[in-house]
Amino acid sequence: MPVAIKKIFGMIALVALVVVYALVATAIATAHLGNSPWWVHMLYFFLTGILWVVPAMFIVSWMIRLPSGK
């Protein structure tokens, strides 16, 4: 697959990842953190704000990988 096509699919996947991840993280926080202290909220949103980078790294590395052997 050409790199240009992979970048288009990768950008769509990144946008979808961010939207779905944000909705899921917010839904979990709303359902489970309602009566928690402020520092639990801060820790939760700090961790979830960083953890989306892990799947995004795999998408970006796939996007920029050159085709092999051709």
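Predicted model: local features only at pLDDT ≥ 70, side-chain atom pairs only at ≥ 80, totals over all residues.
Residues are numbered from 1 along each chain as its sequence is written, and side-chain values use heavy atoms, with hydrogens and water left out.

Thr 48 sits in helix H2 (helices are DSSP runs of H or I with at least four residues, numbered from the N terminus). Setting aside neighbours within four places in sequence, Thr 48 touches Tyr 21 and Ala 25, where contact means heavy atoms within 4.5 Å.

Now step back to the helix pair. The axes of H1 and H2 (residues 38–51) come within 11 Å and cross at roughly 160°; axes are lines fitted to C-alpha atoms, for helices over the stretch in contact, and angles run from 0 to 180 degrees between N-to-C directions. H1 and H2 are therefore roughly antiparallel, a label for angles over 145 degrees. On the H1 side, Tyr 21, Ala 25, Ile 28 and Ala 29 make the contact, and H2 brings Tyr 44, Phe 45, Thr 48 and Leu 51.

On to H3, where Ala 56, Ile 59 and Met 63 are buried. Seen down the axis of H3, the buried residues fall within an arc of 60°, so they line one face of the helix; the arc is that of the directions from the helix axis to the C-beta atoms. Helix H1 (3–32) is among what covers them. The face turned away carries Met 57 and Phe 58, both exposed.

Notes
Buried < 20%, exposed > 50% of the residue type's maximum accessible area, 1.4 Å probe, protein only. Helix = DSSP H or I, 4+ residues; strand = E, 2+ residues; numbered from the N terminus. Parallel < 35°, antiparallel > 145°, perpendicular 65-115°, else oblique.
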